[in-house]
Amino acid sequence: MSLSHAILATLSNGCYSGYDLSKQFAGSVGFFWYATQQQIYRELSKLEEQGYLSAELVRQENRPDKRMLSITTAGKEYLREWISQPGTISPIKDDLLVKLFAGHLVDRRMILIELQHHRTQHQATLNTYREIERQVFGDSAKCDGADELRYLTLLNGIQVENGWLAWCEQAIAMLENDSR
């Protein structure tokens, strides 16, 4: 997957200014495909050059004009083609796991502090996901179509965070009980 696919997926939900697209991206696909605002803007130019999105200038009084971006027919087809191709599992890139792998080089308390820090972060992310679930998908049984598919991505995030939390608890307990 590339950033272009994530941007087009976001634009498939509506027409946005660059700023609004960045906010929408961060609050949706940004949970599982991180990109800076600068990366997004750079990619937008490429997508426009390739004909996958179009921009319409909207004049505003007392404010700078705004470019509204939307996915084109060619962009939808590009996205459909990508969706229809078999995907591969993305490799894990995680600082914590590298630190643990070489953790024998530092005092064990440093590793415990890092694990506790990660546990706190994963709990905060889980809380965010649960709040999104409550606000957006209050009655998940009534989801259909695009909402049902988006809810599935949220359920994956919830499951991943629960898994991380369980693993953090296990790792902390293991290291606290180890007398080394």
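A search of the whole structure finds 0 disulfides, a disulfide being a pair of cysteine sulfur atoms within 2.5 Å. In general, a disulfide is a covalent bond between the sulfur atoms of two cysteines. This is a predicted model, in which local features need pLDDT of at least 70 and side-chain atom pairs count only at pLDDT 80 or more, while totals for chains, interfaces and linings use all residues. Residues are numbered from 1 along each chain as its sequence is written, and side-chain values use heavy atoms, with hydrogens and water left out.

C168 is buried, at a relative accessible area of 0%. C15 has 41% relative accessibility and counts as partly exposed. Buried means under 20% relative accessible area, exposed means over 50%, and partly exposed lies in between (1.4 Å probe, protein chains only).

Now the helices. Helices (H or I, at least four residues) and strands (E, at least two) are DSSP runs, numbered from the N terminus. Start with helix α1, residues 3-11, and helix α4, residues 73-84. Their axes come within 10 Å and cross at roughly 120°. Axes are lines fitted to C-alpha atoms, for helices over the stretch in contact, and angles run from 0 to 180 degrees between N-to-C directions. The pair is therefore oblique: α1 against α4. The angle classes are roughly parallel under 35 degrees, roughly antiparallel over 145, roughly perpendicular from 65 to 115, and oblique for the rest.

The α1 and α4 crossing is left-handed. That term applies if the near helix is turned anticlockwise from the far one by less than a right angle; clockwise gives right-handed. On the α1 side, S4, H5, L8 and A9 meet G75, Y78, L79 and W82 of α4. Contact means heavy atoms within 4.5 Å. The residues of this α1 and α4 contact divide into 5 nonpolar, 3 polar and no charged. Here Ala, Val, Leu, Ile, Met, Phe, Trp, Tyr, Cys and Pro count as nonpolar, Asp, Glu, Lys and Arg as charged, and the others, Gly among them, as polar.

Helix α1 also meets helix α2, residues 18-26. The axes of α1 and α2 come within 10 Å and cross at roughly 100°. That makes α1 roughly perpendicular to α2. L3, A6, I7, T10 and L11 of α1 make the contact with L21, Q24 and F25 of α2. The count is 6 nonpolar, 2 polar and no charged.

Move on to helix α6 (residues 108-136) and helix α7 (residues 145-177). Their axes come within 9 Å and cross at roughly 155°. So α6 and α7 are roughly antiparallel. The crossing of α6 past α7 is left-handed. Residues of the α6 and α7 contact comprise 17 nonpolar, 7 polar and 7 charged.

I132 belongs to helix α6. What does I132 touch, not counting residues up to four places away in sequence? The partners are F31, F137 and L154. I132 is partly exposed, at 22% relative accessible area.

N62 is found in the loop between β2 (53-58) and β3 (66-71). Phi of N62 is near 60°, a positive value in a residue other than glycine. Most residues other than glycine have a negative phi. N62 counts as exposed, at 81% relative accessibility. S2 sits in the segment before α1. S2 is partly exposed, at 26% relative accessibility.
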